[in-house]
Amino acid sequence: MKIVFTTKGTTWDSQMDPRFGRAETFLIYDEEADTLETVVNSETEAMDHGVGPQTTKKVLGLGANVIITGNGAGQKALEVLKSFDAKMYVGAGDMTVEEAYEAYKANKLQLQF
Amino acid sequence: MREVVVISGKGGTGKTSLSASFSYIEGANAVVCDCDVDAANMHLLLGANFNNQSDFYSGEISVIDPEMCTNCGECFDVCRFDAITQEEDTHIVDPISCEGCHYCFQVCPHEAITMVTQKAGDVYISDIKQGGKMAHAKLGFAAENSGKLVAKVKSEAKMLALKEDKGFVITDGSPGIGCPVISSLSGANLVVLVTEATVSGLHDLKRVYELTKTFNLKCVCIINKYDLNQVITTKIEDFLLKEKVPVVAKLPYDETFTKALAIAQPIVEFDNSSELSQTIIKTWDKIKQIINEEQK
Amino acid sequence: MKITIASGKGGTGKTTISTNLSSYLSSLGKKVVLADLDVEEPNSALFLNSTLEDTQVSNKMIPSWNSEDCTLCGKCAEVCNFNAILHLPKEIRVYPALCHSCYACSELCPTNSLPMVESRIGQISKFSCDGFDLIEGRLDLGQEMAVPLIAQTIDYVDENYENYIKLLDAPPGTSCPVIEASRYSDFVILVTESTPFGLNDLILAVETMKVLDQKYGVIINRYGIGDNGVEEYCKKENIPLIAKVQNDKEVAKLYSQGKLIYNEIEHFKDSLDEIIAFMGDLK
């Protein structure tokens with residue numbers, strides 16, 4: 001599975017970013033290959049509207065099966081996610097990336113839809 | 001940290017006066033967030049010092065370089081907003097009409113057009129009365145109030161509240177039902193609807209309440225000037241009962257409100273011992289109680 | 001003659017003035033039409049003995065995806081500066097709420113796969129009220145942009161009431177909706193109150209009028225409740241002070257009942273006379 005975290009940094013110790021659309025950074029963890037990749041999300045700063053769907057498209061383009069975040073996505077973004085079979089888990093906003101992953105594995109996070 | 005958002009739909013119901021009083025009471029335990037960026041007023045009541053200022057950028061407008069412009073008129077042909085006119089041997093953009101769509105930029109064959117990000121306002125973090133802090137903003141003239149500036153002010157307020165471990169964010173919302181209000185409501189733990197006992201007060205309350213329903217937000221209501229018109233007050237109460245929205249206060253039409261406003265003081269600062277002030281203090285306690293119950 | 005009645009701050013009495021003024025002018029035999037441009041919360045009709053005559057749907061144009069000839073090249077998403085178009089692997093998605101109707105995607109599409117279609121944003125209603133008409137723009141809940149509807153409501157009035165005195169009741173604030181409601185008028189009346197709030201917002205409104213290069217004057221409503229900050233400001237800046245409407249709880253009571261004021265309260269009618277005299281001098 002490819003898991004995407006919304007984060008404020010680039011390592012397992014980094015804090016999670018509770019936002020999705022305007023999250024600072026995405027960390028992509030490939031469970032099979034055990035690799036951690038960083039993708040920056042700075043272009044959303046300049047956007048006034050419609051950030052959710054654009055970010056969703058970007059994240060899906062990275063091959064995400066699972067997204068782990070804090071607050072969750074807005075209506076428009078959720079609809080895009082639904083049509084792609086990706087799952088969004090929320091509730092990890094105050095954790096580190098490592099803690100968020102562990103919480104996900106232990107079924108402690110909520111599925112947004 | 002809990003966020004209370006105070007909105008009213010209609011202007012002039014007393015929303016800002018009440019938010020300011022709540023802030024004054026809560027003092028250093030709250031961060032105030034003035035989301036009424038189009039005609040901000042909270043800073044007057046709470047003695048904001050505009051300590052920390054940052055520029056806010058939003059939206060673009062096109063600018064045509066007269067040196068590069070060959071007057072071909074391609075830009076004029078595509079602009080849907082009548083923002084481009086011909087002047088002598090160049091075309092120019094009216095910054096007020098320009099929507100920032102950059103269609104002209106796409107079609108200009110001579111690369112004479114650049115898109116320039118606009119400074120759309122100023123964001124401030126101020127120290128206010130009673131040791132509190134406030135995030136507020138001033139929207140630039142002719143700038144679009146897209147909700148983005150509101151989002152910025154909200155995020156500054158929340159970050160400050162989390163960093164300094166404050167109990168509450170008290171948000172004074174924008175009037176209306178559009179983007180800025182929707183942005184004001186985002187993430188609210190409780191919405192306080194302020195209305196007045198007038199025909200238009202009831203009408204606008206219903207419209208803005210529908211908005212809160214869309215976002216599944218818990219609401220309570222304050223009926224201001226209730227004794228101005230008992231018939232309307234009853235209609236408001238009936239409506240709220242049907243919608244299961246608790247009325248946390250009914251405030252009388254009281255000149256104290258206006259007197260305090262006239263010298264730019266929250267009512268509870270102006271005349272703490274008055275019945276009106278005491279009611280407001282009790283109302284804030286009630287609001288806090290309801291939020292705490294909701295969290296369980 | 002087209003006059004916009006605006007204010008920086010909400011709740012200063014724009015609608016009270018505009019509804020009473022139109023009714024009074026009409027009773028004096030003038031041809032007048034009132035437009036309610038506070039499209040997010042239009043409530044002028046509540047104060048007038050109004051009968052709905054007609055309603056028409058108000059639309060904005062948005063692109064609609066036709067998959068038939070589309071090659072999914074993504075040019076549409078590329079040229080949209082508002083993120084209203086999402087280019088997905090197997091489809092093009094349009095977000096109507098974000099669309100500003102610039103037509104770029106539609107006209108630059110190499111396969112003509114995004115024809116522009118009408119999408120409802122609200123409605124324009126015509127009410128007849130004791131001798132004059134009220135044209136009300138009402139934005140649908142969930143719509144985010146007021147400006148297109150305000151523009152369409154003004155167009156409706158221009159097209160149907162050519163030689164009338166046109167009173168435009170603007171929304172509160174100083175940003176785009178107010179600008180749209182003010183920019184093509186002959187004069188803008190700014191209604192405020194004699195308090196620090198009123199002064200603060202008046203200054204903002206005046207700055208906006210200056211950016212528009214518009215002519216303006218001030219009415220102080222609920223005169224007597226605060227200080228003379230507004231009066232002094234007007235004097236210093238040479239802004240015409242058109243009228244000072246007295247603060248009166250009886251006015252508030254009538255307002256709360258949705259009734260017009262000028263027939264019941266003498267000093268209020270006197271203020272309207274002052275306003276009408278000023279308007280007469282404008283010509």
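**Ground rules.** I number residues from 1 along each chain as its sequence is written, and chains are lettered from A, with ligands numbered from 1, in the order in which they are written. Since I have a predicted model here, local features need pLDDT of at least 70 and side-chain atom pairs count only at pLDDT 80 or more, while totals for chains, interfaces and linings use all residues; side-chain values use heavy atoms, with hydrogens and water left out.

**Chain B overall.** I looked up the secondary structure and got eleven helices and eleven strands, taken as DSSP runs (helices H or I, at least four residues; strands E, at least two) numbered from the N terminus. I put a box along the principal axes, and the C-alpha atoms fill roughly 70 × 40 × 40 Å. Of the 296 residues, 59% are buried (under 20% relative accessible area, 1.4 Å probe, protein chains only). I then took contacts (heavy atoms within 4.5 Å) between residues at least 6 apart in sequence, and 75% of them join residues at least 24 apart.

**Surface and charge.** Chain B exposes about 11,700 Å², with 48% supplied by carbon and sulfur atoms; the areas are Shrake-Rupley with a 1.4 Å probe. I count 28 positive and 40 negative side chains, meaning Lys and Arg against Asp and Glu, with His and the chain ends not counted. The centres of the two sets lie 12 Å apart, each charge being placed at NZ of Lys, CZ of Arg, CG of Asp or CD of Glu.

**Asp36(B).** I found this residue in the loop between strand S2 (30–34) and helix H2 (42–46). Asp36(B) is buried, at 12% relative accessible area. Leaving out residues up to four places away in sequence, I see Asp36(B) touching Lys15(B), Asp172(B), Gly173(B), Ser174(B) and Pro175(B).

**Chain C against chain B.** Here 59 residues of chain C meet 57 residues of chain B. Together they bury about 4,800 Å², 59% of it on carbon and sulfur atoms; buried area is the accessible area (1.4 Å probe) that two parts lose on being put together, summed over both. On the chain C side, Glu41(C), Leu141(C) and Phe197(C) lose the most area to chain B, together 15% of what that side buries. I get three salt bridges across this interface (Lys or Arg side-chain nitrogen within 4 Å of an Asp or Glu carboxyl oxygen). One salt bridge I checked joins Arg183(C) and Asp94(B), with the closest N and O atoms 3.4 Å apart.

**Chain A against chain B.** I find five residues of chain B in contact with six of chain A. The buried area is about 340 Å², 42% of it from carbon and sulfur atoms. I get zero salt bridges here.

Methods. Buried means under 20% relative accessible area, exposed over 50%, partly exposed in between (1.4 Å probe, protein chains only).
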